[in-house]
Amino acid sequence: MAKLCAKGKAAAKRKFSVYPSAYANMYASGVCSGKITPGGKKGKRKKAMGGGMMDMPRASYKHGGSCKAMKGKGNAYGKNS
């Protein structure tokens, strides 16, 4: 079992309130191996074009939202269950 580097141990102590834990050790080992950047920020999420919801085609939702191919299937308390 290899020892953790000081940088990884310090980063884990800053991030987790309880350091000697499985999650903290896994984080510290990731920092030591270079897979995790301590204190790194997540990338900015981009919004959809126009900032709103995407429009779905209405053809598949005709007649009150039910699909004829799925009629009577998937009901837990139906005639076919």
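This is a predicted model: local features need pLDDT of at least 70, side-chain atom pairs count only at pLDDT 80 or more; totals for chains, interfaces and linings use all residues.

Let me begin with Tyr27. Once neighbours within four places in sequence are set aside, Tyr27 is in contact with Ala11, Ala12, Lys15, Phe16, Ile36, Thr37, Pro38 and Gly39.

Which residues make up the largest nonpolar core? Tyr27 is one of its seven residues, together with Ala11, Ala12, Tyr19, Ala24, Ala28 and Val31. Two elements, α1 and α2, each give two or more residues to this core. The largest share comes from α2, with four residues. As general background, nonpolar side chains in soluble globular proteins tend to be buried together.

I turn now to helix α2 itself, residues 22-33. Its twelve residues, at 1.5 Å a residue, should span 16 Å, and the C-alpha atoms at its ends are 16 Å apart, so expectation and model agree. Within α2, the buried residues are Ala24, Tyr27, Ala28, Gly30 and Val31. Because these residues cover an arc of only 160° around the axis, they lie on the same side of α2. What do the buried residues of α2 pack against? Their partner is α1, residues 6-15. On the other side of α2, by contrast, Ala22 and Met26 are exposed. Just after the helix comes Gly34, which takes a positive phi of about 90°.

My last topic is the disulfide. How many disulfides does the structure hold? There is one, and it is formed by Cys5 and Cys32, with their sulfur atoms 2.2 Å apart. Cys5 lies in the segment before α1, whereas Cys32 belongs to helix α2, so the pair ties together parts that are 27 residues apart in sequence. As for its handedness, the torsion about the S-S bond of Cys5 and Cys32 is about -100°, and the disulfide is therefore left-handed.

Are these two cysteines buried, partly exposed or exposed? Cys5 has a relative accessible area of 29%, which means that Cys5 is partly exposed. Cys32, at 31%, is likewise partly exposed. The cut-offs behind that reading are under 20% for buried and over 50% for exposed.

Thank you for your attention.

Technical notes: Residues are numbered from 1 along each chain as its sequence is written. Side-chain values use heavy atoms; hydrogens and water are left out. The expected span of a helix is 1.5 Å times one less than its number of residues. Buried means under 20% relative accessible area, exposed over 50%, partly exposed in between (1.4 Å probe, protein chains only). The arc is that of the directions from the helix axis to the C-beta atoms. Contact means heavy atoms within 4.5 Å. A nonpolar core is a set of buried Ala, Val, Leu, Ile, Met, Phe, Trp, Tyr and Cys residues joined through side-chain atoms within 4.5 Å. A disulfide is a pair of cysteine sulfur atoms within 2.5 Å.
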